[in-house]
Each structure stands twice: as structure tokens, then as C-alpha cells.
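Subject: Structure handover

Hello,

Here is the structure we talked about, followed by notes on what turned up in it. Please read them with the model open.

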Amino acid sequence: SLRDKSLRREETLANMCDERARMLQDQFNVSMNHVHALAILVSTFHYGKDPSAIDQKTFGEYTERTAFERPLTSGVAYALKVPHSERKQFEKQHGWTIKKMEMEDQTLVQDCIPEKLDPAPIQDEYAPVIFSQETVSHIVSIDMMSGKEDRENILRARASGKGVLTSPFKLLKSNHLGVVLTFAVYNADIPLDSTPELRTESTVGYLGASYDIPSLVEKLLHQLASKQTIVVNVYDTTNALAPILMYGTDVTDTGLLHISNLDFGDPLRKHQMHCRFKYKP
Ligand code: WA2
């Protein structure tokens, strides 16, 4: 009957949507766990050994060779916590100045050529990137605390000890909408029940990964058949009244819609996948 047919159609859409949402969520969680392990790797081999067993070359090679462990990420990097009192010494040691993420000319920010960026203005502290996977080498020397989303992530990551996510924003250079995942690296094995203040004090740096949402969701959906059948949109619904479109083109179509929830591991952020059939029956 017509009613059976419409119920079947609804069920098909729900199954396809849930399957895609689960795949995206699983891949996200897999890479999140691996980024967490990288933060522990830096703590163990950069701070646990004297002299450090990690430099840019080691970090670059290791992260490139293990990139398959972090599906959906476009690159990982490590930023150091530098108080203002240590800035001069830090810059002398590295042979470059800490750069500001924003340029005076806002239109050029996305180009992100470190040589063209201005030095970071005086702040209490900085978070310059010192190690990076080759794919995001353009952020080396940039103060991650000079970008609104990156800064909020850093503050929340170090106070909580958990992996935290930004809202979607335009990533440097790629020009695509993405999110950044950050884990703090602490200077000692600090107790699990440490206060946010002790955590902040014990922080030595930040391990972060960037997720280029459009290209990576596209890659994931391509692996599944029937891309011709449904339209997929991914939203950041943290603010239920103002959802942010992260993937897909905005659709106003009032046809059959299925919503699958996504859990990307940061309880402060909410995400959803919206699915529709491409064609009316
Ligand atoms: N990584 C890549 N592209 C970006 C970006 C970023 N942040 N921010 C803007 N475009 C080193 O949380 C520490 C990575 C930030 C980590």
C-alpha cells in the first residue's frame, strides 16, 4: 500500500543517515584517541627525557607515518606555552619571532605566509607552534593564542585535561570550514582530580589537530555507495537557535528529513547530521 511504501522510505532514510553518522562519529573518535596518544608521546619523549628525544624532524616524520591513524584530520601540531618573561630567550633560541595569527589587512589572513605575518603584540603568554606535521607547516611560529577559536580551545583544554573542540571556523590557508581539537600537555604526571588552577600551572604546551570538514566528510561519504540517493548536511548545533552549517549546502526543501545525532567527544559541543532524499518519490 501507499502507506507501507512511505513507511519503508522513511526507514530507509533513517538507516542510511544513522549509518553515515555512525561512521563519521567513529572516525572522529578514532582520530581523537590518537591525538590524545600524541600528547602523551610528547610528554614522554620531549619532557620525560633530558635531552628531549623529539625535534621538528622526528615529530614531522612520526606524525606523517602515523597519519593513517587519524582519519579526517588535515594535520597535527604542537604549540609551546611561553610566558612573556621567556619570550626574548625563546625567540633567540629558535631564531624567529612569535607571529600573530591575524594580519592588519584582514583579507589576507587566509593566505597565512608566516614571513608576511606581524610579530605577536605583547601578551601575558603565547602559544607558538614549534612542531608540525608537514601538511600544516604553515602554522609554525604562529601564536595560537592570537586566534579567537584556538585561544578558547587552549584555555579550556588546559583547565579540563580533556580533549576539546572549537566551533567551526575558517582554517588558515585551506580556506575551508573546520574545527580544531586540542589536548594540553602537562609537565608531570598530575593527579586526575587536579583543580583547573593546578592544571593551568602545570601546562607546558598544546597538541592540536585540525579537521578540514568539507574535504574530509566528502571523502568519507564517497566510500559509501548511493551518494546519488541522499543529501547530507552536518551542523554544529551547540546553540540550538543558531545552528552552524559545517558540511553540505543549505537546503530549504520540506521533504522527508531524518536527523541523526553525532557525538564528537566534547560534551560542550553538539552536532547533528541531517539527511534527505535527493528526489521526491
Ligand atoms: N591548526 C591548523 N590550521 C589552523 C589552526 C590550527 N590550530 N588554527 C587556524 N587554522 C597547535 O591547539 C593547539 C592548531 C592548534 C594546536
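A polar contact is a pair of N or O atoms within 3.5 Å; within protein, one of the two must be able to donate a hydrogen and the other to accept it. The side chain of Ser194 makes such a contact, reaching the backbone oxygen of Pro191 at 2.7 Å. Ser194 belongs to the loop that runs between S7 and helix H5 (196-201). Its relative accessibility is 13%, and the cut-off for buried is under 20%, so Ser194 counts as buried. Please keep in mind throughout that this is a predicted model.

Ligand site

The ligand sits in the second largest pocket. Around the ligand are Ala77, Ile139, Met144, Asp150, Phe169, Leu171, Leu172, Val180, Thr182, Tyr206, Gly208 and Ser210. Two strands, S7 (177-186) and S8 (203-212), each supply at least two residues of this shell. The largest share comes from S8, with three residues.

On its own the ligand has 400 Å² of accessible area, and the protein covers 98% of that.

Disulfide

There is one disulfide in the structure. It joins Cys17 to Cys275, with an S to S distance of 2.1 Å. The link between Cys17 and Cys275 is right-handed, with 75° about the S-S bond. Because Cys17 lies in helix H1 (residues 2-47) and Cys275 in strand S12 (residues 271-277), the pair ties together parts that are 258 residues apart in sequence. Are these two cysteines, Cys17 and Cys275, buried or exposed? Both Cys17 and Cys275 are buried.

Backbone points

Most residues other than glycine have a negative phi, and most peptide bonds are trans. The following places depart from that pattern.

- The peptide bond from Asp50 to Pro51 is cis, with omega near 5°. Pro51 is placed in the loop between H1 and helix H2 (56-65).
- Lys173 has a positive phi, near 70°, and is not a glycine. The loop between strand S6 (169-170) and S7 holds Lys173.
- Asn175, also not a glycine, has a positive phi of about 70°. Asn175 is likewise found in the loop between S6 and S7. With a relative accessible area of 38%, Asn175 is partly exposed.

Gly255

The last item concerns Gly255, which is in the loop between strand S10 (244-247) and strand S11 (257-262). Its relative accessible area is 22%, so Gly255 counts as partly exposed. From C-alpha to C-alpha, Gly255 and Arg276 are 7.2 Å apart in space, while in sequence they are 21 residues apart.

Regards

Note on methods: Residues numbered from 1 in each chain as written. Predicted model: local features only at pLDDT ≥ 70, side-chain atom pairs only at ≥ 80, totals over all residues. Heavy atoms only, no water. Disulfide = S-S within 2.5 Å. Helix = DSSP H or I, 4+ residues; strand = E, 2+ residues; numbered from the N terminus. Buried < 20%, exposed > 50% of the residue type's maximum accessible area, 1.4 Å probe, protein only. Near = heavy atom within 4 Å. Areas by Shrake-Rupley, 256 points an atom, 1.4 Å probe, with all protein chains shown as cover. 1 Å grid on protein atoms, 1.4 Å probe; cavity = no way out; pocket = protein on both sides within 12 Å on 5 of 7 lines; lining within 4 Å. Sits in = over half its atoms within 2 Å of the grid points.
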